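Here are my notes on the model you sent, as numbered points. Please read them with the structure open.

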Amino acid sequence: MTTADARSRSSDDGDLEKKAVSFAPDGDSAGKDKLSKEAAAVAVLQDAQIYGVQAAYSAKCQLVNEQIMALGMGRYQWELFAVAGFGWLADNLWLQVIAIVLPQINAEFDPPHVQFATLALYAGLIVGCLSFGLGSDLIGRKRIFNITLFFAGTFGLCLGAAPSFIGFCCLTACMGLGLGGNLPVDGALFLEFLPADKQWLLTFLSLFWSVGQVVGSLISWPFIANYSCPQDALGRVECPRAINMGWRYSLFTCGAFTLALFALRAFVFPIAESPKFLIAQGRDAEAIASLERVGRKNGKEISLTLEQLQEAGREFGWEPEQVREELAPSVWATAKRNLQTVDLSHVKPLFANKRLACNTGLILAIWGLLGLAFPLFNGFLALYLSDFDIAADNSISNTYRNYTIQAVCGVPGSFLAAWLVDLRGRFLGRRGAMALSTILTAIFLFLFTTARTSQALLGYNCVIALTQNAMYGTLYAYTPEAFPGPHRGTGDALASGANRILGLVAPLIAAYGGSSTRSAPVYVSAALFLVAGILMILLPLETAGRAAM
């Protein structure tokens, strides 16, 4: 039987419902009666149908989830929480810093459209999220997890030495390539090691997102304030490199900081490969070894055996030895083979049935809408404010103070989201928390247009930062939970790709989309958030209280 045959067995064949297999570790199976065995088999088939995966994978995944629950939330998971958070921190750190240094870039290089630097960043993010996200389903989570920060840190460090605007854009795109792979892969890997009752911690990773913004502001503040062309001269007189080194120092520092995070992730706190990725590949022995590594770190022994794992698969038509034999070549040989025969084998299962197809389609639409909504607001903010005579202290010190205040205001959003996501009820849980925070963001964006003082602007920005952080935190938790393990990296990549592709439009609008009614983009941004919030309510799959497949 070939790999394709093994994986193409129907999960809803009538005879499968008659099968009964014990999914309990040694010592527990003796007390299970035939009825409970049949109930376990039916539960396996139901999960397989919901997530569009093979029943054999569902059966083995249930065993793995039970073993992870038995190991508990220990030292391994907390270390993984920290190193996975590094990717979220780096992502927002660089988005913040690139936005901060654009005025100095514009003053030194005087490009026709400085917004093209943001365009280059999003181009890199798109390629990164798609290539690394899909790659994590082909060659594994662990390798992608380690390499993304290395890419971002290396090219980020080189950014500070950019000789021209074109060079800056090229290096920014390469840096974005590494950043793009962080969010879809880091969240998926963390989720696949979490006990079911601790999956809300995936939402709490958004705390690192806010910290990244704070760190970016604090790094840039002293350098740009003390080593830049005078603010009143920007755009009006020459601003040579010799007196405009602040942005370069900022990028050097951020690059070195990102490489330090990579070193901690790869060498100080190395992680194991995801057991769910391994069982999806038929590499059951390696999955057991991965769980044993978690057990050693947590000070516990695992009770699941290789024989139990393989027997669970065989009961539903999976032949792990044959699958593993075909996957025996090296990682790079496997990747080469997959690239030579590109197909939609990891995309089609995301639309395997009507419910899953609807859920996947809505997720992609939501990510796309949000990808345009927030950059659109930020890109037109300066133009919007220029229509009004708002008295404010526009000094560098005041500007960076406001950046830091807004970033700090976003931190409670992570705590709020982590509390909301596990509440039960028809309009609560993951979907309810997402919809509530997204609709509140839309409301405060509409209210933002009524501000006429600097204090009101800062106040609305702080509230928007809080609700947005809660929204993104919940969305980043829900998205990998909603996709089945064998195709989770691909699903995350498509969602992130939709977000980045629509985000690519925002700098083009900022560069070319002048309007006589400059408040219009703010209203459009708010409307997009509102539509996204409504779509969240319509999501058919609620993941709260359900162990990730």
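1. T467 touches S437, L440 and T441, leaving aside residues up to four places away in sequence; contact here means heavy atoms within 4.5 Å. T467 lies in helix α20 (residues 454-482). Its relative accessibility is 6%, so T467 counts as buried. The cut-offs are under 20% relative accessible area for buried, over 50% for exposed, and partly exposed in between, with a 1.4 Å probe and protein chains only. The C-alpha atoms of T467 and F444 are separated by 9.1 Å, and these residues are 23 apart along the chain.

2. On the basis of the values: this is a predicted model, in which local features need pLDDT of at least 70 and side-chain atom pairs count only at pLDDT 80 or more, while totals for chains, interfaces and linings use all residues. Residues are numbered from 1 along each chain as its sequence is written, and side-chain values use heavy atoms, with hydrogens and water left out.

3. The overall make-up is 22 helices and zero strands. Helices (H or I, at least four residues) and strands (E, at least two) are DSSP runs, numbered from the N terminus. Of the 549 residues in the protein, 56% are buried. Among contacts with a separation of 6 or more, 84% are between residues 24 or more positions apart.

4. How do α4 and α6 pack? Helix α4 (residues 75-109) and helix α6 (residues 141-159) meet at an angle of about 30°, and their axes are 11 Å apart. Axes are lines fitted to C-alpha atoms, for helices over the stretch in contact, and angles run from 0 to 180 degrees between N-to-C directions. The two helices are therefore roughly parallel; angles under 35 degrees count as roughly parallel, over 145 as roughly antiparallel, 65 to 115 as roughly perpendicular and the rest as oblique. The crossing of α4 past α6 is left-handed, a term used if the near helix is turned anticlockwise from the far one by less than a right angle.

5. On the α4 side, L80, V83, A84, F86, G87, A90, W94 and I98 meet F145, L149, A152, G156 and L159 of α6. By class this contact has eleven nonpolar, two polar and no charged residues. Ala, Val, Leu, Ile, Met, Phe, Trp, Tyr, Cys and Pro count as nonpolar, Asp, Glu, Lys and Arg as charged, and the others, Gly among them, as polar.

6. Helix α4 also packs against helix α8 (residues 182-191), with axes that come within 9 Å and cross at roughly 165°. That makes α4 roughly antiparallel to α8. This crossing is left-handed. Q77, L80, F81, A84, G87, W88 and D91 in α4 meet N182, L183, D186, G187, L189 and F190 in α8. The residues of this contact are seven nonpolar, four polar and two charged.

7. The structure holds 22 aromatic pairs. One is W78 with F81: the ring centres are 5.9 Å apart and the planes at 85°, so the pair is edge-to-face. Rings of Phe, Tyr and Trp (its six-membered ring) pair if their centres lie within 6.5 Å; planes under 30 degrees apart count as stacked, over 60 as edge-to-face and the rest as tilted. W78 and F81 are three residues apart in α4, about one turn of the helix. W78 is partly exposed at 44% relative accessibility, whereas F81 is buried at 10%.

8. Y227 and Y249 form an edge-to-face pair, 5.4 Å centre to centre with 85° between the planes. Y227 lies in the loop between α10 (206-226) and α11 (246-268) and Y249 in helix α11, so the pair ties together parts that are 22 residues apart in sequence. Y227 is partly exposed at 43%, and Y249 is partly exposed at 31%.

9. N226 is in helix α10 and is exposed, with a relative accessible area of 57%.

10. Please check D110, which has a positive phi of about 50° although it is not a glycine. Most residues other than glycine have a negative phi. D110 is found in the loop between α4 and α5 (116-136) and is exposed, with a relative accessible area of 60%.
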